Each structure stands twice: as structure tokens, then as C-alpha cells.
Amino acid sequence: MPSQPDPLTLSQPDWYEQGLPHIWLPYSQMKTAAPPLAAHSTQGSTITLADGSTLTDGVAAWWTACHGYNHPYIRKAVEKQLSTMPHIMFGGTVHKPALTLAHRLSNMLPGDLERVFFTDSGSVAVEVAMKMAIQYRLNKGENGRTKMLAFKGGYHGDTLATMAVCDPEEGMHHLYGSVLSEHIISPLPVDEKSTARFLSLLEQHAHEITAIITEPLVQGAGGMLFHSPDVLRHIRKAADDHNILLILDEIFTGFGRTGTMFACEQADIVPDIVTVSKALTGGTIPLAATIAQRHVYEAFLSDNPEHALMHGPTFMANPLACACANASLDLFEQEPRLAQVNHINTVLTEALEPCRALPGVKDVRTLGAIGVVELEKIENADALRTKFIQAGVWVRPFRNIVYLTPAFTISDAELLTLTDAIYKVLSS
Ligand SMILES: *Cc1c(COP(=O)(O)O)cnc(C)c1O
């Protein structure tokens with residue numbers, strides 16, 4: 001049998017040659033970045049490229065495709081919705097897919113997180129959470145409380161408001177420093193020293209802080225950094241002690257990735273506001289939501305029209321996206337997704353362990369369906385990526401980590417293809 005064609009050297013289809021000169025790619029130095037792959041189709045955990053070669057996928061489309069690509073059940077739900085109402089404005093009309101989804105999300109989330117505001121991307125969901133937290137104070141007449149306390153290592157999006165609550169140095173946003181709003185950035189309280197710093201920043205700034213924002217259990221884009229449920233409990237208590245709201249950004253962790261439906265369940269805490277997106281539609285269509293507790297929502301109920309939440313994306317609550325999300329939640333109910341996550345964790349933990357002994361490896365860690373090999377340093381991420389492609393896998397190293405966030409439906413054989421490739425590439 002001939003070996004697979006090398007996707008990096010083959011000639012590309014016409015649409016690729018014609019269109020690529022007009023595309024601006026994400027987070028890429030366009031002058032030097034390795035050219036992107038021409039994808040043709042996806043199924044389960046397999047990506048088929050335009051030249052017919054295939055890659056086993058370890059990333060699940062930036063952690064979104066939790067049921068695998070192109071799941072027939074989700075596809076059917078979208079096709080059905082497409083035939084009756086692909087879209088309608090949410091200003092003045094509502095529809096079954098959105099209301100069903102809002103009802104289901106509030107039933108799934110802990111406490112009285114029960115008021116759902118739909119948007120179409122994670123960054124905007126975080127912006128809405130920030131606007132809610134700021135206006136919550138204004139509506140209550142608590143002036144001057146417009147700041148967030150956010151954490152080093154955090155990532156909450158790429159828009160101007162959300163960049164301001166990302167890690168200021170590690171983040172990819174320091175260039176914009178002078179135009180960003182100033183918030184309080186604290187170390188995560190993971191040990192005595194960082195806890196003392198966190199508490200003293202709170203003490204000092206509580207009068208101007210409206211909310212603490214954090215990713216629960218895993219700082220994803222910051223480098224897949226894990227912390228314990230105790231840290232979250234501690235943050236919740238500190239927020240309560242200072243009458244500060246807690247926003248949990250579950251955009252990465254939500255829908256099973258850490259082993260429970262939502263990461264906050266593991267700490268047994270309820271945030272005042274939570275944001276979800278990424279796996280909400282099973283990675284099929286963009287959709288995000290900001291969900292507020294009743295007491296947050298009630299601060300907006302007033303005879304004063306200025307107390308209303310002034311936000312409304314054109315495509316909010318898109319019926320196709322909501323139909324996808326409902327189908328995705330059905331799959332969580334009908335199929336053993338959380339058990340699959342636990343099984344993936346067992347396989348990843350065992351299969352990645354040998355990497356610990358490789359030169360240049362600093363740490364190996366797993367949580368739920370997340371596996372991380374942290375290196376001392378990655379000199380050339382593009383070169384490393386190329387080696388993974390040549391090994392037949394789609395793995396995207398970034399910062400100093402090589403990580404796997406596969407679909408929960410991935411087979412053991414596919415999972416071992418991924419972990420073997422990581423071991424081989426890192427030892428070569
Ligand atoms: C991806 C991500 C975002 C931003 O979502 P976009 O849809 O890319 O705007 C925000 N917060 C977290 C934790 C994320 O992982």
C-alpha cells in the first residue's frame with residue numbers, strides 16, 4: 001500500500017490558490033506562518049483534506065466538537081429547523097428552539113442561574129456578563145464600582161473589553177495596553193503567597209470592583225493550567241465577604257470537558273453570572289449564552305427605561321444554532337458522555353505518562369478529557385505542527401504546551417494514535 005500523500009507538499013485545489021491571498025488568518029504572522037491545510041470534510045474524529053489524506057483530530061475544533069464532527073443527530077435537527085425557520089430577529093419575536101434551550105440550560109445549571117441572554121460568540125458573552133455586572137451597580141445606585149478583578153493566566157476573549165480581563169503579559173494583547181480599560185489583575189489564590197496577594201488586592205479595591213471573573217478549574221488558552229475546586233470555593237467566599245459578584249467563564253469547561261457538566265459543580269459553588277459557548281452546539285454553529293442569577297436580573301427591573309440591559313446582537317438566539325444546542329443536550333442525555341470523558345481521562349493519563357521522561361518535558365497532566373504535555377519551551381511551533389501532520393494527527397502546540405482535547409466519542413484506537421504521535425514527535 002502506498003504511504004499517505006504528504007499534505008504539506010501536494011499541489012492545492014484552485015479554490016485554495018485563488019482564495020488564500022485574500023484571507024487574513026487568526027493569530028498568524030502572515031509573512032512567515034506555515035500555510036493552512038485545505039480541509040475537505042470531517043467525520044467523527046477524522047479530518048479529510050482536499051488531497052484525500054486524513055488526520056486523526058486531537059483538538060475537536062478548538063474544543064467545541066464534543067460529539068465528534070458532523071454528528072448525524074445534530075445534522076438532522078439542523079436540517080429540520082432549516083426547513084421551517086433558519087432565522088428570525090429576537091427583538092419582538094421568540095421561538096421554540098431558543099425558549100426550550102433557555103429552559104433546559106437553567107434547569108441544568110446550579111442554583112437560580114435562570115435568566116439566559118443569547119449571543120453568537122464567547123467574547124461577546126463575556127462582554128455581556130461584564131455589562132451586566134457594571135450596570136447591576138449603576139441600577140442599585142452603587143456608583144464607582146465598574147472594575148473587574150481577573151486573574152493572571154486568564155483568557156476571556158479577543159474584543160477590546162474582554163482583552164482587558166485577560167492575562168496582561170502572557171496574553172496576546174499587551175500591545176493594546178494603552179487603549180484597554182484598567183481592571184485589577186491578581187494571581188490565582190493557589191498557595192499562601194498568592195492568596196495573601198489576592199486578599200490584599202480585594203481589600204484595597206473592593207469599593208471599585210463589581211465582579212471577579214475567572215475560568216473554573218482550567219485556564220484554557222492561558223496554557224491549560226489547572227487549579228483545584230478549593231481555589232474556586234475560596235474565591236466564591238472572598239467575593240461574598242466583599243459583596244462582589246462572581247462571573248465564571250465556562251466557555252471552555254462547560255458541557256463535560258472537565259468530567260462534570262459544568263466545572264463549578266466540582267466546587268459546589270454557584271456563580272452570579274456564567275458564560276457558555278464552545279461546546280454548546282456540539283461545535284456545529286456559533287452560539288453563546290450569558291446566564292444570570294435571579295438577583296442579578298432583578299436589579300434590572302425598574303420603571304426607569306435606563307435600567308434595561310442595552311445589548312442585542314442581530315443574530316442572537318439564531319434558531320438553527322439553538323436547534324443544534326438542543327440536539328447536543330439530547331445527546332448528553334441519551335449517550336454516556338460523562339462516562340466517556342472519565343474513560344478518556346484514564347487512557348490519556350496512562351498513555352501520556354511516558355512523555356514525562358522525555359528531555360525538555362516539564363509536566364504531564366490530565367483533567368477530564370484534557371491531556372497536556374508541558375515543555376520547557378517550544379522553539380518553533382510551526383515545525384512541531386508539521387511533524388504532527390506528517391504523523392497523521394491534528395495537534396496544535398501553543399505557548400509551551402502540546403495538548404489533546406478530543407471529541408468525547410473518540411475511540412481508544414484513535415486516542416492511542418494521538419498519544420503515540422505525541423510521544424514519537426517529542427522524542428524525535
Ligand atoms: C474561547 C474562549 C473565549 C472566547 O470565545 P470566542 O467564541 O472565541 O469569542 C472566552 N473565554 C474562554 C474561557 C474561552 O475558552
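This is a predicted model: local features need pLDDT of at least 70, side-chain atom pairs count only at pLDDT 80 or more; totals for chains, interfaces and linings use all residues.
Residues are numbered from 1 along each chain as its sequence is written, and side-chain values use heavy atoms, leaving out hydrogens and water.

**Stop 1: helix 3**

Select residues 72–84, which form helix 3. Helices (H or I, at least four residues) and strands (E, at least two) are DSSP runs, numbered from the N terminus. Helix 3 has 13 residues and spans 19 Å from its first C-alpha to its last, close to the 18 Å expected at 1.5 Å a residue (1.5 Å times one less than the number of residues).

Now colour Ile-74, Val-78 and Gln-81, the buried residues of helix 3. Buried means under 20% relative accessible area, exposed over 50%, and partly exposed in between (1.4 Å probe, protein chains only). Look down the helix axis: the buried residues fall within an arc of 65°, so they line one face of helix 3. That arc is taken from the directions from the helix axis to the C-beta atoms. An α-helix has 3.6 residues a turn, so residues three or four places apart point the same way. On the other side of helix 3 you will find Lys-76, Lys-80, Ser-83 and Thr-84 exposed.

What do the buried residues of helix 3 pack against? Show helix 4 (96–108) and helix 11 (319–334) to see their partners; contact means heavy atoms within 4.5 Å.

**Stop 2: Arg-104**

Stay in helix 4 and pick Arg-104. Arg-104 is buried, with a relative accessible area of 16%. Its side chain makes a polar contact of 2.8 Å with that of Asp-330 and another of 3.3 Å with that of Glu-333. A polar contact is a pair of N or O atoms within 3.5 Å; within protein, one must be able to donate a hydrogen and the other to accept it, and residues adjacent in sequence count only if both atoms are side-chain atoms.

**Stop 3: a charge over a ring**

Finish by selecting Arg-115 and Tyr-297: Arg-115 lies over the face of Tyr-297, 3.8 Å from the ring centre. A charge sits over a ring if NZ of Lys or CZ of Arg is within 6 Å of the ring centre and within 35 degrees of the ring normal.
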